[in-house]
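The following exercises ask for a careful reading of the contacts inside one chain and between two chains. Work through each task before turning to its solution.

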Amino acid sequence: MESHELKRIDLIFSNYTTSKYKVLERTLQRDPDEIINELMDSGLKGRGNAGFPTGLKWKFARRNEAETHYVICNANESETGTFKDREILERVPRKVLSGMAICAYCTGARKGIIYLRQEYAYMMEHLQNELNIFHQHVKEFNFDFTVEIFLGSGSYVSGEESAMLDSIEGYRAEPRNKPPYPITKGLFDMPTVVNNVETFATAQVIFRIGAEEYSKLGTPLSPGSKLFTLSGDTPKPGIHELELGMTLQDFVKEFGDNNTKAVQVGGASGYCIPQKLFAETVIGFEGIPTGGSMILFNNSRSMYKVLHEYLRFFTEESCGLCTPCRIGTQQLLKGVEAVKKGERPVSYIDVLIKLALSMKSSAKCGLGQSVANPFISIIDNFKEEILY
Amino acid sequence: MSETKTLIQEYIALNGKSRNQLLPLLQNIVQHQNYLSEEAMTEVARAMGLSPADVYGTASFYSYLSTVPRGKYVIRLCRNISCMMKSQAEILSAVSAHLKIKVGETTSDKKFSLVQANCLGWCHKAPAMMINNEVFTELTAPKAIQIINEYQQK
């Protein structure tokens, strides 16, 4: 495949200093169905990583005639290697609040909640000030909508939308059975839209520039741009807004250190892509999607250590509710340690792969299901490093 | 009335005792007392009409709601992959040696606790550390110790 230079996009963080909620004011004059149609036309899919079409989510919530609706902004950003939501909330919170307000306008919600992870408590004062300004504006627009912050207490799985609802209600953040999905039966059993911070900010961008303009970026299956958070062995760590649909080869050419042997796309729950697959791997919903996390590893890194760290992470963060995830994460960790030490035969790896696959099909939520992603992709591509 | 009881009663008087107040109330206690004592959890259960097991079960799920005593300042060193790649282990051993405590322990003057945390969200500026809510990034071992010494003076 020929190589392309990556185009830098600047939509999320730009056009802000003069922002006085003009986009919100303008959008609140429009017909809700028309707004939702524009969002669907833009092709925006959830920027947290799950990739559900945002317009469709809003449409389903709008259809529900329940008296009370909620809008929740998922700011429990805990995926390893991800820090975009923190930057968005620090630098352009009004875009997020505009997105939430427009969602509320379309779905009939009067109350919004930002679920802020405890690690970001340092910005509480900043956000509270922003909320005060926001509330003044919506009042001037004659729109009845208030947002409050719910501070998390430290848990990765709280980022799973139904677990987040339980957490807000005062329980352990354990995922619910689905269906019903939150858009049907969410917070306090009321229809609830849960979107990621970046999704709300991107919605604001779409209502500013229009769906047509926005969907010119990216590819037909992954329209638009998104924020990528880079860390690991890269001379350019930080946040970069890029079009979706790039190949990993172009990405590494731009951001690698000329010695990149693998990239972990999507954090601990994502996939490890080795150098030999860079050219054919597309970053987007037609290939490997990511919530933004891109961790680069160069030739000095032990992939056994990488795998071990991911498994330790999952073992610690598994909520313990379902057996495949609770026991599976522990057995995978013990298993790779035993093979490495020679306490188990090399063939035991195949047993572990079977276990990971059964977790993928039987765990209750995305956390347990996704453990197989790093496990199998690292073992498939770096077997020697894992075994010996 | 004990200090803990007063704290709980004041919170409930202000915010009510519906179930969704449980986590904010527990956070509030941790903020004042650094951790959730058995007395605090039992008292919360009584005041909110829940079983102590329910309160403990909920609290112990979350990493910031400690049910073991913690110091005034909780040092959280990020241990995830990006920080691991930037030598967080060296910082951990330097801090541990400096305070003469291991991970999970608290100094005898009850000033510092040392814990390892999962991703703090500063991977591009690894390695990262939090002391209570304050964030420090691009650490080196001497820099981390200097910061801790500044807290020591507080």
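A polar contact is a pair of N or O atoms within 3.5 Å; within protein, one atom must be able to donate a hydrogen and the other to accept it, and residues adjacent in sequence count only if both atoms are side-chain atoms. The model is predicted, so that local features need pLDDT of at least 70 and side-chain atom pairs count only at pLDDT 80 or more, while totals for chains, interfaces and linings use all residues. Residues are numbered from 1 along each chain as its sequence is written, chains are lettered from A and ligands numbered from 1 in the order in which they are written, and side-chain values use heavy atoms, with hydrogens and water left out.

**Exercise 1.** Describe the interface of domain 1 of chain A and domain 2 of chain A, including its residue pairs in polar contact.

*Solution.* Start from the domain assignment (bounds from an automatic or database assignment), which divides chain A into domain 1 (22–214), domain 2 (225–298) and domain 3 (303–381). The centres of domain 1 of chain A and domain 2 of chain A, taken over C-alpha atoms, are 27 Å apart.

Next, take contact as heavy atoms within 4.5 Å: 17 residues of domain 1 of chain A then meet 19 residues of domain 2 of chain A. Together these two domains bury about 1,400 Å², with 57% of it on carbon and sulfur atoms, where buried area is the accessible area (1.4 Å probe) that two parts lose on being put together, summed over both. On the side of domain 1 of chain A, the residues that lose the most area to domain 2 of chain A are A:Arg47, A:Asn49 and A:Phe83, which together account for 35% of what that side buries.

Finally, turn to the polar terms: across this interface there are 11 residue pairs in polar contact, both residues at pLDDT 80 or more, and the count of salt bridges is 1. A salt bridge (a side-chain nitrogen of Lys or Arg within 4 Å of a carboxyl oxygen of Asp or Glu) joins A:Lys226 to A:Glu198, whose closest N and O atoms are 2.9 Å apart.

**Exercise 2.** Characterise the contact of chain A with chain B by residues and by area.

*Solution.* Begin with the residues, of which chain A brings 52 and chain B brings 31. The area buried between the two chains is about 3,200 Å², and carbon and sulfur atoms give 57% of it. Within chain A, A:Glu119, A:Ser153 and A:Arg172 supply 18% of the area that this chain buries against chain B, more than any other three residues.

Then consider the polar part, in which 22 residue pairs are in polar contact across the interface of chain A and chain B, both at pLDDT 80 or more. The salt-bridge count between these chains is 1, and A:Glu316 forms a salt bridge with B:Arg79, the closest N and O atoms being 3.4 Å apart.

**Exercise 3.** Is A:Asp233 buried or exposed, and what does its side chain reach?

*Solution.* First, A:Asp233 has a relative accessible area of 7% and is therefore buried, a class that means under 20%, with exposed over 50% and partly exposed in between (1.4 Å probe, protein chains only). The side chain of A:Asp233 reaches the backbone nitrogen of A:Asn298 at 2.8 Å, and makes a polar contact with the side chain of A:Arg301, also given as 2.8 Å. Lastly, leaving out residues up to four places away in sequence, the residues that A:Asp233 touches include A:Asp257, A:Leu296, A:Phe297 and, from chain B, B:Met85.
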